[in-house]
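I opened a new notebook page for this structure. My entries below follow the order in which I looked things up.

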Amino acid sequence: MSFLIAQVASTTPLKFPPIEYSAIAPELIMVVGAIAVLLVSSLVPRHISKAVSITLGSLVALVSLADSIYLAFQSGSPGADKAVLAGAVALDKFAVFFYVLFSIVALLTLLAGRELMNLDRGRITEFVILVLLSTSGAMLMASALDLIVLFLGLEILSISLYVLVAMESDNDRGRESSIKYFMLGGFSSAIFLYGVALVYGATGSTNLGQIFTFLANNLLKSNGVLLAGMGMILVGLGFKISAVPFHFWAPDVYQGAPSPVTGFMAATAKAAGFAALLRVFYSGFIPFQSDWVPLIGVIAGFTMLVGAVLAVVQTDVKRTLAYSSINQAGFILLGLYAASARGVGASLYFLITYSVVIVGAFATVGAIEKVLGKSGVQIEDLRGLSKKAPFLAFSFVTLILAQAGAPFTTGFLAKFNVVLAAVSSKHYPVALIAMISAAIAVFFYLRMALMPFRSVSVGAESSAEGGMSLEDSQYGGDSAVMVKEEISIDAKSKLDSATVVIAAAVIVTIGLGIWAGPLISIANRAVLLF
Amino acid sequence: MLLPLAGSVLNMAFGKRLKRPYAGIMASLFVAASFVLAVVTWLDLLAKPSGQRVFDFTLFSWITSGSLHLNVGAYVDPLSVTMILFVTGISSLIHIYSIGYMSHDERFSTFFMYLNLFVFAMLVLVLSDNFVFTFLGWEGVGATSYWLISFWFERPTAAAAGKKAFIVNRIGDFGYLTAVFLLFTYLGSLSYGKVFASVGQLSHGTVTAIALLFFVGAVGKSAQLPLFVWLVDAMEGPTPVSALIHAATMVTAGVYLMARISPILHLSLGVGTIIAFVGVVTAFIAAMAATSQTDIKKVLAYSTVSQLGYMFLGIGTGQYVAAIFLMVTHAFYKALLFLGAGSVIHGMHDEQNIKKMGALRKLMPATAVTFILAWLSIAGLPPFSGFWSKGDVLAGAYQQSPLLWLIGAITAILTAYYMGREVYLVFFGKQRFDSSVKVHESPKVMTVPLYVLAILSVFGGALNLPISDKFRFLENWLAPVFGHALTQSTISSSLRFVLGAADGVFAIVGIALASSLWIKSSSRPAAEPAFLAAAWGIDRFYDRAIARSSTRLSQMFADVIEVKVVDRATMSVGALVGLVARYVRKVQSGYIRNYALYITIGAILILGYFVTRAGA
């Protein structure tokens, strides 16, 4: 044996870079954990395989979280990128911030999925594995220092997601939206990859550090190729964060996917997209700042406005939340647009609080679907929820108000900080758009937040008083009757793992909204560069 | 500080499931626990030398934005500790009392939830280390008081009274907020420590404006002229609420605020005089009104307004310690009076008209004895607590201006008189109610708090005896807080003695007057002119002049401007958004090929933009 290896070594000039496993440990934990779940759950008796795979999966997410927190104390100071694996992966506060975020979201999703995914017994294992793998892709995106590695992460994340969306076998809508997501995702990935190729052509490297050095030290004779590459990368990542005009898939897919998956997608995929966007543009393309920063501002403005305006006319809760999440993405972009340490810090804070809120919100919607006994909740269906399921109604309202930015929730500080950063960078027009869109958004947030407290009997008249005559107002009476019949189905929410997830999200949202200092400073410390 | 909040939350969550008395017992325990904590803090401070008795500890910072730093923290100094001691102490007693008083109410646990929440808000107000959190507490006590006044919202008068309290308080809040904004604009900070350290840099005009605006806030909360009307109506609430909120604690928040901002007051010009005159005139007018009321609680309500006037007199003349001293002793005896009145009402099955009572001392001995002790105390008869505290305030007023003293002295006679009238009408004379009414003494859970408060009312004066400096416990304790803001007493001890003797004489005169008029008779129209019964017609004047005309004005706004301008504007904006959205929504076709097209268009737009940037 030793003879063979010696032979290979002497003949092949391939040099392997030193691999610092500890730097990519969270990713590795996720991948190895996923394989372990697969093995173990196929070995245990069938009737306990669900419990085993969920428990094991949650454990994996917990271990990864613990390791991420450990890395947080190890990793270097802000800006001082610690490049490992031949400069392909970074281990810095920024990456670790996202490791923590993704681990938390994965944990919450698994716990929520245990109750709320409508799956056959065997397939829950697949759910666990896909969530873990998808998370590892997201982590890779956040830490990648090389555009190719970044693309690898993007694909690991996306392919798992395509399957996750279509997991429920009796959900035709889910399958339809999965195909949609898959084709459009492939389309945008192709554009992204093409952009990478162009950037390579212009700079001679796919490594962000080298791209930066090249751009900083050389004056390009013609920058057309580079700019085209940047634009295409922006399109590819804009798709992931559902920025306007690449957002069209989001409402359809968010509505069609099972609620826990939607929550996972809205948190992890979006955060990963933002992580990549930040990493690529703020550490690679920063010398061309004056070219792309205004574009971010325009996209941010449109994203906020379109999200808010279109949410107003929705009648489906998940669709409304999808537009709300588009609106939120606009706010996060606003922080990037500010192009300052303060703005990016505000965006990171926004991202982590938004992730918790959105996972909690979709878990709540999933739980409400379960209580109502149907998939797809109309806003009208929420009527009278405060009587039927007070805990769910309370959580739903809290999480909705957090998205609206009500004080004493994390949402308030998130929006406040982002707008403040934009104002202090003197971006007044877009800051103004942000305020306007927030004002429009309050309309639909309040409409959803008040609905659980409306009584079932006065259905028809009070839905008309919602200001604008909503398209479904004439059906208000009908749906009210329907809800009445369903009251007997399942009146109380049990204490299960989904409840734990929802409660955790609510507690974090309110708790950190009041005791806000630490998380804000953590987010500010994770800022790249500057 | 957080204990009452925890109690309230627990009561909110589980109160309905607990059996009747347990919700109350739990609430009482939480408040009592925070009283114990307050005592511990007090002992802690007492162990330190007097100069170092200030803790400003910060729990965590809540908002940091620009130059605005808001910390969640507590400012513990002798003043705030004095406040929390008597707030939590009296609250505990009243919580216990309420277990008996509210025993028949359907929403028993809700009541205790509100009560706990109130105590929490009050503690936030007192302990906060910055003006913003004080305001949160300020609003918190306002909101809980609103809920509690209209607790029996089935009665339209209760609902209306709650609304009135709320609206009148808004005027005061406006003053408070404006003052806070001014402070922040000029000093860039809102924490007490920083503001007081740098207030000297401001011009006299600014400081005066700020002080006046804070005073407007205090006038609203503490029911002084011209905003006192809400307090009397607030008596629609359950009696323990009147005792706790509208006599002992919340209404003194204005006095506390004034004492807290003493460095600002000290630097302002003439505000002290204004405060003193507003206070003494309020004291006089309210005392006059109290002489002609027939509702047992309304007498006490006007009496509270009048006593608060005395406190402001103390503040205005720079006698902060005297004002706080009066506040504490007043809390003892007025809480006792209200609880006694509550006990009477409870025993008489919701009868509140004093003309329909009489001779109750035999039927309700415990209530009668404690009530009489409280009466002697508020009347200022030596050696009861009211004598000492009112004496301090009046002596300070004499030093400032004999006119203030004179009005205060006349008011003192009136105080002794109207309280005497109430006592005679309720507990002495002939029985004037139907003997079919089964009058009963209240249960132990209600009388024990009465005994405790009675002891405090009688001996509360020992807190600050003017005999020698050694016995001025409260003054020595509070001195570091007020420092140079405190006006030094220049009155010689002989004059002081004369003034004290005069106070005693006033009390005796008032009591004698009351007994000569009311011990036998129950109806003397000459002594109860209608315009006094209607509180000088001030309330009606407001109703006519302000409430109705502003209703008409707002009606006009509602009919014309609201409908034609605001509504149309909002509706058209709403309609516009809806229209645009419905139109844009058609783009959302659901077809993948369309979506891909949009992405392509977007990509082309972005590339097009970059083309314009290319070249260089």
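These notes go from the contact between chains to single residues.

**Entry: the model.** I am working with a predicted model. I keep that in mind for every entry below.

**Entry: the interface.** I began where chain A meets chain B. How many residues does each chain bring to the contact? I find 53 residues from chain A and 35 residues from chain B. The area buried between the two chains is about 3500 Å². Carbon and sulfur atoms give 72% of that area.

I then looked up which elements make up the chain A side. Those giving two or more residues to it are α7 (172-203), α9 (224-240), α10 (249-256), α12 (289-312), α13 (317-337), α17 (410-424) and α21 (497-514) of chain A. I sorted the residues of this side by kind. They divide into 36 nonpolar, 10 polar and seven charged.

Next I checked for pairings across the interface. The salt-bridge rule finds zero between chain A and chain B. For polar contact, the count is two residue pairs, both at pLDDT 80 or more.

**Entry: salt bridges.** I widened the search to the whole model. Over all chains the count comes to 10 salt bridges. I picked one to look at. The side chains of A:K180 and A:E176 meet at 3.3 Å, N to O. Where do these two sit relative to each other? They are four residues apart in helix α7 of chain A, so about one helical turn separates them.

**Entry: a patch on chain B.** I turned to the surface of chain B. B:F277, B:V281, B:L403, B:L406 and B:I410 form a nonpolar patch there. Together they have about 390 Å² of accessible area. Which helices supply at least two residues each? I noted α13 (271-290) and α19 (402-427) of chain B. Of the elements, α19(B) gives the most, with three residues. I placed B:I410 in helix α19 of chain B.

**Entry: the loop between α9 and α10 of chain A.** I looked at two residues here. A:S242 lies in this loop. Its phi is near 50°, a positive value in a residue other than glycine. A:P245 lies in the loop between α9 and α10 as well. A cis peptide bond joins A:V244 and A:P245. I wrote down an omega of about 5° for that bond.

**Entry: A:A406.** My last stop was the loop between α16 (390-404) and α17 of chain A, where A:A406 is placed. What does A:A406 touch, leaving aside residues up to four places away in sequence? I find A:L401 and A:F412. I also checked A:A406 against A:G513, which is 107 residues apart from it along the chain. Their C-alpha atoms are separated by 9.6 Å.

Key: Residues are numbered from 1 along each chain as its sequence is written. Chains are lettered from A and ligands numbered from 1 in the order in which they are written. This is a predicted model: local features need pLDDT of at least 70, side-chain atom pairs count only at pLDDT 80 or more; totals for chains, interfaces and linings use all residues. Side-chain values use heavy atoms; hydrogens and water are left out. Contact means heavy atoms within 4.5 Å. Buried area is the accessible area (1.4 Å probe) that two parts lose on being put together, summed over both. A salt bridge is a side-chain nitrogen of Lys or Arg within 4 Å of a carboxyl oxygen of Asp or Glu. A polar contact is a pair of N or O atoms within 3.5 Å; within protein, one must be able to donate a hydrogen and the other to accept it, and residues adjacent in sequence count only if both atoms are side-chain atoms. Ala, Val, Leu, Ile, Met, Phe, Trp, Tyr, Cys and Pro count as nonpolar, Asp, Glu, Lys and Arg as charged, and the others, Gly among them, as polar. Patches are made of residues with over 30% relative accessible area and no salt bridge: like charges are joined within 9 Å, nonpolar side chains (Val, Leu, Ile, Met, Phe, Trp, Tyr) within 5 Å. Accessible areas come from the Shrake-Rupley method with a 1.4 Å probe; for residues, only the protein chains shown count as cover.
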